[in-house]
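This report looks at how the parts of one protein chain pack together. It starts with the domains and then turns to pairs of helices.

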Amino acid sequence: MLSRVAERLYWMARYLERAENNARMIMAFNSLALDMPRETQLSWKGLVAVTGMGALFDQHHQKADERNCVKFLMADGYNPSSIASCIKAARENVRTTRDQVPTDAWEVINELYRYVQEHIDQGVGKRARYEFLNEIVGRCQMLNGLLAGCMSHDSGYDFIRVGRNLERADMATRQIEVGALQFLDGWDGTDTYGGLLWTSVLRYQSAFQMYRHNVRRKVNGPHVIRFLLQNEPFPRSVLHSLSEVASALGRLPRNEIPLRTALQAVRHTREADVDALIRKDEGILFLENLQLEIGELHEDIAETWFPVYETA
């Protein structure tokens, strides 16, 4: 497989996963805002922080209110992680690798791109926001299903697996870190609304039902962190995602360096002491170190298979 083809499949998967995660995150936080009492201050800027684009947001917006943050995350073209930008980039990567993916996949991503272009303005508004975001999630899931069910599981599909699961693991660590620890100004985890916040963190990953099914305990910080980090059977947990990355890398040639980094990240996640992580400073440090490992893994992948690549 040509290096540029592998790179485009990898980034196509990452952009699609990023768009879907952003849509899930905004929907969950929007529901949280409706559930919390009016006197509780929710920071919409926290959503921007999850994506790592806080500095870019500050360059273009003076006020971090709901509309500015939602527009930045959904529609702003100068934000490479906005839903509109991610869908556009994913479509371009599919367009230039159409001989590698099923024809139906190209049709789905093309229709998704057109849907975003036609409805993004309504989606930013409150009235049509949920319907718009739910459509994004559904069509991204449809595309992932087409790729899994109709594409040959060869090297090309392995690069898709790597991209999708690496992006998923990175976003999950960011959502645990920022979502749990910084969304509520001055919140110390002891008030009566803590359960709502942790439930929202679960909903970012569509994990609430599986959490109740597997954990069967009241929603609280330690159990949520342990589930999202270490519950390997759950496909959106950090451990499962990194294990999938390692599995896909194990099937690719010249994989020694990236595979070693991936297995190291899997080991660190599996062996993490969650009881220690609930202490704020230690939790943030662990999650930041894990994000650095994920970034290092991306660099190893790029240096091994994409000699000349552009950063996301």
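How much area do domain 1 and domain 2 bury between them? Domain 1 and domain 2 bury about 3,500 Å² between them, and 62% of it is on carbon and sulfur atoms. Buried area is the accessible area (1.4 Å probe) that two parts lose on being put together, summed over both. In domain 1, the residues that lose the most area to domain 2 are Tyr10, Arg14 and Val50, together 18% of what that side buries.

This is a predicted model, in which local features need pLDDT of at least 70 and side-chain atom pairs count only at pLDDT 80 or more, while totals for chains, interfaces and linings use all residues. Residues are numbered from 1 along each chain as its sequence is written, and side-chain values use heavy atoms, with hydrogens and water left out.

**Domains**

The protein chain is divided into domain 1 (1-150) and domain 2 (151-311); the bounds come from an automatic or database domain assignment. Their C-alpha centres lie 19 Å apart. In contact (heavy atoms within 4.5 Å) are 42 residues of domain 1 and 38 residues of domain 2.

**Helix pairs**

Two packed helices are described by the angle between their axes and the distance between the axes. Helices (H or I, at least four residues) are DSSP runs, numbered from the N terminus. Axes are lines fitted to C-alpha atoms, for helices over the stretch in contact, and angles run from 0 to 180 degrees between N-to-C directions.

| Helix pair | Angle | Axes |
|---|---|---|
| H4 (residues 66-74) and H7 (residues 126-150) | about 30° | 13 Å apart |
| H5 (residues 83-95) and H6 (residues 103-124) | roughly 150° | within 9 Å |
| H12 (residues 238-249) and H13 (residues 256-270) | roughly 160° | within 9 Å |

With axes at about 30°, H4 is therefore roughly parallel (under 35 degrees) to H7. H4 passes H7 in a left-handed crossing, that is, the near helix is turned anticlockwise from the far one by less than a right angle. Glu66, Val70 and Met74 in H4 meet Lys126, Arg129, Phe132 and Leu133 in H7. These residues divide into four nonpolar, no polar and three charged. Here Ala, Val, Leu, Ile, Met, Phe, Trp, Tyr, Cys and Pro count as nonpolar, Asp, Glu, Lys and Arg as charged, and the others, Gly among them, as polar.

H5 and H6 cross at roughly 150°, and are therefore roughly antiparallel (over 145 degrees) to each other. H5 passes H6 in a left-handed crossing. Among the residues in this contact are Ile87 and Arg91 of H5 and Trp106 and Tyr113 of H6. The contact residues of H5 with H6 divide into nine nonpolar, one polar and three charged.

H12 and H13 cross at roughly 160°, which makes H12 roughly antiparallel to H13. Their crossing is left-handed.

How values were computed:
Helices (H or I, at least four residues) and strands (E, at least two) are DSSP runs, numbered from the N terminus. Angles under 35 degrees count as roughly parallel, over 145 as roughly antiparallel, 65 to 115 as roughly perpendicular and the rest as oblique.
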